[in-house]
Amino acid sequence: MTTSTPHSHIVVGVDGSTSALHALTWAGAEAQRRNLPLTLVHVIDHSGLAQGYNLGASASFFQHLETDGAEFLSQAKDHVYALHPNVEVSTVKATGKPVPVLVELSRNALMTVLGSSGLSGFTGMMAGSVSVSLTAKGHGPVVVVRESPIPAGGPVVVGVADSESADSAIAWAFEEAAMRDAELVAVRVWNNIPPGYVYAYTAWTAMDSTGEQQRQEEILADQLADWQGKYPEVPVRRVVAIGHPADVLLKHAAGAQLIVTGSRGRGDIAGFFLGSTSHALIHKATCPVLVAPRT
């Protein structure tokens, strides 16, 4: 699933913003660890910029965007080489809507890395639009990088649910933890009723919560067993909790160097671009978030 091919590379969005710089720094370190090249992408969306302008008089403005785009890519390339001189870097400057461009570029990429917000030069590149859409339409995992510092010694956290993308999330989490020599914290939330409200529901008053907790711990152990066999060097801490999945995972993400989640969970409403838990992590987690695709 994550095995690199001779043509594998990591795609990272570049727009000159501070957020994109953090994403670029993260992607450069990832490329160094994996011995993969980086493809730096800048997309100019003229369709959104045309509104309100006299197009006949704004040719110089659009040329300015082209010039800025080339400069953003040049500076980004220099930034990568300064940190990781052995990483191979290529650039792509495209005109169009960011999501279709990135979806196509993700086809041959190992992963796509974006900042949590951006400038108008990469129109819409923020957690509420491009990254959310890309996780639904892209051909691989999407990593959203926040601007907050990333603890070097923190664990990798993975949310383990009953979903089509659960095994993919576990696989990516083990691989990332192994590359970082980090502890893996595997979190399974077995209901989304806040603990303080459990006994307000009659169905819960008759439930053997101790027995259910034990059953959920066994399920989690089974979900992880094969991967622990493949990565025996990765220390694993299993957590089974009651609460809203997003709240529980956000708590464990504090101090983590990466959190991994699937793109859609069991309880998500049909038609959502992205599972509600993944959506919350992208918007609120302080550490980078890797959203694994369904396999």
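**Terms and their cut-offs**

Analyst: Leaving aside neighbours within four places in sequence, glutamine 257 is in contact (heavy atoms within 4.5 Å) with Ile150, Pro151, Ala152, Gly153, Gly154, Pro155, Val156, Arg180, Ala182, Cys287 and Pro288. This is a predicted model, in which local features need pLDDT of at least 70 and side-chain atom pairs count only at pLDDT 80 or more, while totals for chains, interfaces and linings use all residues. Residues are numbered from 1 along each chain as its sequence is written, and side-chain values use heavy atoms, with hydrogens and water left out.

User: Why is glutamine 257 called buried?

Analyst: Buried means under 20% relative accessible area, exposed over 50%, partly exposed in between (1.4 Å probe, protein chains only). Glutamine 257 has 8%, so the residue is called buried.

User: What joins the side chains of glutamine 257 and arginine 180?

Analyst: A polar contact of 3.1 Å joins them. The term needs a pair of N or O atoms within 3.5 Å; within protein, one must be able to donate a hydrogen and the other to accept it, and residues adjacent in sequence count only if both atoms are side-chain atoms.

User: How do you know that the span of helix α1 agrees with its 17 residues?

Analyst: The expected span is 1.5 Å times one less than the number of residues. For α1 (residues 18–34) that should be 24 Å, and the end C-alpha atoms are 24 Å apart, so the two agree. Helices are DSSP runs (H or I, at least four residues), and strands are too (E, at least two), numbered from the N terminus.

User: Which residue follows α1?

Analyst: Asparagine 35 follows, with a positive phi near 55°.
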